[in-house]
Amino acid sequence: MVIPRVVVAAPSSGAGKTTVAVGLMAALRRAGHVVAGFKVGPDYIDPGFHAVATGRPGRNLDPMLSGEERVGPLFAHGATGAGIAVVEGVMGLYDGALGTEGFSSTAHVAKLLKARVVLVVDASAAGRSVGAVVQGFVAFDTEVRIVGVILNKVGTDRHEAEVRAGVAPTGVPVLGVLRRDTRLTVPSRHLGLVPADEQREQAERAVDAAAELVRDGVDLEAFVAAAKAAPAHDATPWDPSAEVTLPDGARPVVAVAGGPVFSFRYTETAELLTAAGADVVTFDPLTDTLPEATAALYLGGGFPELHAEALAANTELRHQVATEAAAGLPVVAECAGLLYLCRELDGHPMTGVLPATGRMTGRLTLGYRTAVAAGTTRFFDEGRRVRGHEFHRTTLDTDTGVRPAWHLPGGVEGITLPHVHASYLHLHWTATPDVAARLVTAARERAR
């Protein structure tokens, strides 16, 4: 299988690789290509902009969460039907999970995909020295093929000439030069960029501006040629139907929270639920009630702390979730979903399913976690070991005697009830496909 592909990386965070990657995706699409977009790492926000740029679901490639062996198959699955793939990196090219010598880094994923790398360099505060940066990144790991440089945030023509002169001796071609552009400013907040689902019109304007900047400043033909130079990629596409068993009989409705608040969920989650026999119905907790015949509920991540008042105002849904959960509705909740199931969030009433309250703090909790199931539930057996990711500034105040969801190196986390599993931990369900199957099985039993 040969899928033209390029990994867009940078020496460090803040170089502009998201702008460049999104701009490349959108510009290529406007040029007639069918583009698949990917993000290295656990981030949910960038894939939302990828989806705006490509018109296809954004997807993540994360060896830490999904397992190293699944990266190739997940890439092949996500690129099915596309003519070119653009993979946006994370942090600096060689930065991976701490203490792992680059595991789950952009370079790690590029090697797993046998993909060429284009390096985005912020040239705003340097001239010829950019050449030394490029040369150092080329030499650091010779298994990583850096085939081009895009110079970002370049000032004057004189500045561009000076930077080009510095890069020339490296032998790495400059594929593009992008000037500073204030139209590319995307609103941010305490956890990074505002998700595209929250401000769709503003996101579309930012994508359009990025596409125009790339079209004017990047040699798209040379970029496509670099993508086509990638060697054959021997990976059988990941198939959700091969991960779970599809039983005979009626398909129960699994409601999946969506809308501006609950936009953090991996594309493969719904694919696994569907393959396991569910009718997946997305609803918006800001305005909707539970879909008709809901037999199970999945609440993913997002920013409920910024919409607590609006979530509280949907009293019909809050009472409905509380009543159904008390009656045995199977529920899996991650991060934002955990907060929504609490009694209140920053003083605003939530559903009250869990004996806890949530509140904002000034402390960021961020990073990969290895967790062990603290007890047996409908969805996890006691002792089950998983890898997940935390990303929040909120905390819980729990009642005494609650049953935790996970044992972590620093203690316990999350809350479980007989039919509810709620936690701050985000999982990539491709590594735990039985969770989808268990949720659908519980839904089928509930529907009966």
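Predicted model: local features only at pLDDT ≥ 70, side-chain atom pairs only at ≥ 80, totals over all residues.
Residues are numbered from 1 along each chain as its sequence is written, and side-chain values use heavy atoms, with hydrogens and water left out. Local features need pLDDT of at least 70 and side-chain atom pairs count only at pLDDT 80 or more, while totals for chains, interfaces and linings use all residues.

**Exercise 1. Helix α5**

Task: Work out which residues of α5 are buried.

Solution: 
- Step 1. Helices (H or I, at least four residues) and strands (E, at least two) are DSSP runs, numbered from the N terminus.
- Step 2. Buried means under 20% relative accessible area, exposed over 50%, and partly exposed in between (1.4 Å probe, protein chains only).
- Step 3. Read off the residues. Thr106, Ala107, His108, Val109, Ala110 and Leu113 are buried in α5.
- Step 4. Conclude. Helix α5 spans residues 106–113, and six of its eight residues are buried, so the rest of the structure largely encloses it.
- Step 5. Look past the end. Lys114 follows α5 and has a positive phi, near 55°.

**Exercise 2. Cysteines**

Task: Find how many disulfides the structure holds, then explain the case of Cys342.

Solution: 
- Step 1. A disulfide is a covalent bond between the sulfur atoms of two cysteines.
- Step 2. Apply the test: a pair of cysteine sulfur atoms within 2.5 Å. The structure holds zero disulfides.
- Step 3. Check Cys335. Cys335 is in no disulfide, and the nearest cysteine sulfur, that of Cys342, is 11 Å away.
- Step 4. Check Cys342. Its closest cysteine sulfur is in Cys335, at 11 Å, which is too far for a bond.
- Step 5. Cys335 is buried, at 5% relative accessible area. Cys342 is buried too, at 0%.

**Exercise 3. Aromatic pairs**

Task: Count the aromatic pairs and describe the pair of Phe264 and Phe303.

Solution: 
- Step 1. Set the rule. Rings of Phe, Tyr and Trp (its six-membered ring) pair if their centres lie within 6.5 Å; planes under 30 degrees apart count as stacked, over 60 as edge-to-face and the rest as tilted.
- Step 2. Count. The rule gives nine aromatic pairs.
- Step 3. Classify. Phe264 and Phe303 are edge-to-face, with 5.3 Å centre to centre and 75° between the planes.
- Step 4. Phe264 sits in the loop between β10 (253–257) and α11 (267–275), and Phe303 in the loop between β12 (294–299) and α12 (308–313); they are 39 residues apart, so the pair links distant parts of the chain.
- Step 5. Check burial. Phe264 is buried at 4% relative accessibility, and Phe303 at 0%.
- Step 6. Phe380 lies in the loop between β16 (356–373) and β17 (385–398) and Trp406 in strand β18 (residues 406–408), so the pair ties together parts 26 residues apart in sequence.
- Step 7. Widen the view. Ring pairs join Tyr44, Phe264, Tyr266 and Phe303 into a cluster.

**Exercise 4. Nonpolar cores**

Task: Name the residues that touch the most other members of the largest nonpolar core.

Solution: 
- Step 1. Define the core: a set of buried Ala, Val, Leu, Ile, Met, Phe, Trp, Tyr and Cys residues joined through side-chain atoms within 4.5 Å.
- Step 2. Read off the names. In this core of 67 residues they are Leu61, Phe75, Leu93, Leu273, Trp406 and Trp429.
- Step 3. Find the main contributor. Helix α15 (residues 433–447) gives the largest share, five residues.
- Step 4. Note the second core. This separate core has 38 residues, including Val52, Ala53, Ala211 and Val224.
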